Amino acid sequence: MDIVTTPDPRLRQKCRKVNKITAETLDIIAKMREASLEWEKAHPFELSAAMAAPQLGFDRRIIIIRDDLEDKKNTNFTALIDPEIIKAEGKPAKDYEGCLSVPAIYGLVERPTKVKVKALLEDGTPVRVKAEDSLARTLLHEIDHLDGVLFIDHIKGQKDAFFKMNDKGELDPVDYDTEIKDNHNLWGDDEA
Ligand SMILES: [Zn+2]
């Protein structure tokens, strides 16, 4: 499965609700798990933390989140279907984000630090998830995808917010005016 990258318009759609979990839903989730781990094999410095269905071209409100956001050896992902943010709060904080759909670019993004999300598990069980810090950030990033929003949208115009990873796995600042502002691969022609 190829991961959809910017400026593909499939990343910019509001995805449809699943409502009823079917064999097709479970098949999408299996493909998302597989593609996440495949991506990780090709990116030795990084952990594939999560994925949203539109990143594989599926117009469905499904996300998967790694069970352990720090440990590459734990390859389990929990799928959340039709996730909804009930509450986002806490003093907003900035941290680095990357995205499988925005190759090579990282950003320092401000987000709320606490969220409450409701969703369905893949067996149909309704759940409420309370999350803080990196898990809260990951949930907000992935749920954004379901509404066609990318992390780069939150920092558009911010000159000191964009980074690239060097060959040692460190993040180096990127010059906004020369490398980001007019980069049609990030926002597409309409908005650049
Ligand atoms: Zn993403």
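## Strands 8 and 9

In this predicted model, strand 8, covering residues 162-165, pairs with strand 9 in the antiparallel sense over three bridges. Within this pairing, Met-165 has Leu-171 of strand 9 as its bridge partner.

Strand 5 spans residues 105-111 and is mostly covered, with five of its seven residues buried. Its pairing with strand 8 is antiparallel over three bridges, and Ile-105 has Lys-164 in strand 8 as its bridge partner. With strand 4, strand 5 pairs in the antiparallel sense over six bridges. Here Asp-95 stands opposite Val-109 in strand 5.

Strand 4 and strand 5 form a hairpin with six residues between the strands. In this hairpin, Ala-104 takes a positive phi near 75°.

Ser-101 also lies in the loop between strand 4 and strand 5. Is Ser-101 buried or exposed? Ser-101 has 21 other C-beta atoms within 10 Å, and the cut-off for a buried residue is 20 or more, so Ser-101 counts as buried. Leaving aside residues up to four places away in sequence, Ser-101 touches Ile-3, Val-4, Thr-5, Thr-6, Leu-11, Gln-55 and Leu-150. Phe-58 is 43 residues from Ser-101 along the chain, and the C-alpha atoms of the two are separated by 14 Å.

## The whole chain

The secondary structure of the protein comes to five helices and nine strands. Along the sequence these follow the pattern α-β-β-β-β-β-β-β-α-α-β-β-α-α. The radius of gyration is 16 Å, close to the 16 Å that the globule rule gives for 192 residues, so the protein is as compact as a globular protein of that length.

Taken along the principal axes, the C-alpha atoms fill a box of roughly 50 × 35 × 35 Å. Of the 192 residues, 31% count as buried. Among contacts between residues at least 6 apart in sequence, 62% join residues at least 24 apart.

Note on methods
Residues numbered from 1 in each chain as written. Predicted model: local features only at pLDDT ≥ 70, side-chain atom pairs only at ≥ 80, totals over all residues. Pairing = 2+ DSSP bridges. Helix = DSSP H or I, 4+ residues; strand = E, 2+ residues; numbered from the N terminus. Buried ≥ 20, exposed ≤ 12 C-beta atoms within 10 Å, placed from the backbone. Contact = placed C-beta atoms within 7 Å. Rg over C-alpha atoms; globule rule 2.2 N^0.38 Å.
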